[in-house]
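Trainee: I would like to go through the labels used for this chain and see what each one rests on.
Mentor: Then put the structure up and start with the terms.
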Amino acid sequence: MGDERPHYYGKHGTPQKYDPTFKGPIYNRGCTDVICCVFLLLAIVGYVAVGIIAWTHGDPRKVIYPTDSRGEFCGQKGTKNENKPYLFYFNIVKCASPLVLLEFQCPTPQICVEKCPDRYLTYLNARSSRDFEYYKQFCVPGFKDNKGVAEVLRDGDCPAVLIPSKPLARRCFPAIHAHKGVLMVGNETTYEDGHGSRKNITDLVEGAKKANGVLEARQLAMRIFEDYTVSWYWIIIGLVIAMAMSLLFIILLRFLAGIMVWVMIIMVILVLGYGIFHCYMEYSRLRGEAGSDVSLVDLGFQTDFRVYLHLRQTWLAFMIILSILEVIIILLLIFLRKRILIAIALIKEASRAVGYVMCSLLYPLVTFFLLCLCIAYWASTAVFLSTSNEAVYKIFDDSSCSLTAKTCTPETFPSSNESRLCPNARCQFAFYGGESGYHRALLGLQIFNAFMFFWLANFVLALGQVTLAGAFASYYWALRKPDDLPAFPLFSAFGRALRYHTGSLAFGALILAIVQIIRVILEYLDQRLKAAENKFAKCLMTCLKCCFWCLEKFIKFLNRNAYIMIAIYGTNFCTSARNAFFLLMRNIIRVAVLDKVTDFLFLLGKLLIVGSVGILAFFFFTHRIRIVQDTAPPLNYYWVPILTVIVGSYLIAHGFFSVYGMCVDTLFLCFLEDLERNDGSAERPYFMSSTLKKLLNKTNKKAAES
């Protein structure tokens, strides 16, 4: 370090000087960034007010239940449509896109019905047959057969034709499919005349071919839901196993850090090696089978993902990906083997710190609970805001009426001048909207809702980081460990963070939230510009998204280290961020190598846990474990519970290792501070443990020899 000081210290701030009274996190501290604390409290009050306004005006039933032409909900309990859960469209051809059916009203009459039509009938043929009673349930409520055919169809009292339909999102979609280029309605057998017939209905192409894609997605979603219903308890068991493995791994690190790290590295290499071997065996097994040589491009997207497992190209792709990962990990281990030894010593020290502050492993549950509250409040407010519009009625006419699309009132429209000017016009529900100031401000309120979610979520994460950093810093700066460690260090750090540094946490979270909301807006603009052919705009948007992504990563890194300095010294956010940044820059080589090596080792630990649980889930759900072969549930897609277990296992492992990661980062910054404050002499002894002292002496000796 002696040779580095003249080079670094002038450029990157002044190092901390020796202070005989410094014993770790300062207890005699004052409030920091009070203005930001006030702004946060005012923003929370405003956020609560927005929530109250949204809950007053909003109606989530608009999301759950479809709405007929009169603005009444279908299938809602306590209404006259309670037993009519489905929405039927008189002329679905006028709904060119499925999104129109799901979000807005089509320019055609809609009524609530008990069930979707299951046969093909025309009004003209049904009127003179015994099927007329069946047909009348799809006419407007209160329909009376006292008009001629032309008048009934002109006034929109009944649909001109019934088409076999299936319910989708409580709406009736035509049940049609293509057969040799001809659209088939329902089955090939018609119910009108009892004979097999085909109906080439070209007018339904626009509405139906897009709806079929939605129907396939719905079918996929239903199969996935069925898989969850029969496998949810096995998924929970898999997540419990992942939690037990993570906890066991953490406990073993406490006593066998060095051995565990090397075992972890070897196990990850073996797990990836087995994955490569399994992919090769499947690739070889499919050789010569019919259809196995079809390429993924030619096959295209299939809702049944099991089809891909019968292709040799799929297993070849898996094998290449795993091989690349295996080679990368082995090369990193070869070139970073010396740094891994240093990282192991740091992990050993972190294991001791976590061992003396064991309750820190439970703190992620607090963070998880607070984040769930933020997500629940944001989601409910967003739903109520999106459903707080009023019903808007407009004039619809098949002819070229000049009043078409103008607003109207259903109760007074039949006797109004508009009705006399356009006899064929109808006043029906169009969409939910409004012209008041509140309705015009809805978009801004939604943006404010998203911004507050980011701010509060980042604040919760910042609170967890400062709390853990304060607890682990108390361990490091205890000269005689663990005798000098204060009682309840985690609770003390939590209390200091809330009492003195709420403003600083709010400041750091605010900066990050601003960048994140800008990224959301850029994503929204990018979606809007996708249809445009302006290459310059697309290039500019890509550059902006990349820049703000990098900025967000840098701010997260800076905030994390600033929170550590806040936990130790109690300074404001800007001062802490500057001191942390300069401290890291003065030791940039150690930061770039040592700190990132520990992150790499923790990543391997996560991969080991996730890979082990994932392989166990794969063998179980594919009925390959003979002992419990009959216990595994039958599934449509066995990858559904497997992916769920893998993702859940990663989140659980990440929660445990995040405590270790914060501990390592805190001890690392304290280690750098200790090197600058003290020199290891009797007058200025190091606070680091004997393990780190040996490591430091060994490093200095090698540097002197070189």
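Mentor: Buried means under 20% relative accessible area, exposed means over 50%, and partly exposed is in between, with a 1.4 Å probe and protein chains only. This is a predicted model, in which local features need pLDDT of at least 70, side-chain atom pairs count only at pLDDT 80 or more, and totals for chains, interfaces and linings use all residues. Residues are numbered from 1 along each chain as its sequence is written, and side-chain values use heavy atoms, with hydrogens and water left out.

Trainee: What makes both faces of strand E2 covered?
Mentor: Gln 110 and Cys 112 are buried on one side of E2 (residues 110-113), and Ile 111 and Val 113 are buried on the other. In a regular strand, side chains alternate between the two faces of the sheet. Helices (H or I, at least four residues) and strands (E, at least two) are DSSP runs, numbered from the N terminus.

Trainee: How do you know that E1 and E2 pair?
Mentor: Two strands pair if DSSP finds at least two bridges between them. Strand E1 (residues 86-89) is joined to E2 by 4 bridges, and the two run antiparallel. Tyr 89 has Gln 110 in E2 as its bridge partner.

Trainee: Why is Pro 141 called partly exposed?
Mentor: Its relative accessible area is 48%, which lies between the 20% and 50% limits, so Pro 141 is partly exposed. Pro 141 sits in the loop between helix H6 (132-136) and helix H7 (149-155). Leaving out residues up to four places away in sequence, Pro 141 touches Arg 70 and Ile 111, where contact means heavy atoms within 4.5 Å.

Trainee: Why is Met 267 called partly exposed?
Mentor: Met 267 has a relative accessible area of 35%, so the label is again partly exposed. Met 267 belongs to helix H8 (residues 205-285).

Trainee: Which residues of H2 are buried, and which helices do they pack against?
Mentor: The buried ones are Cys 36, Leu 40, Ala 43, Tyr 47, Val 50, Gly 51 and Ala 54. They pack against helices H12 (363-386), H14 (437-440), H15 (442-476) and H17 (502-529).
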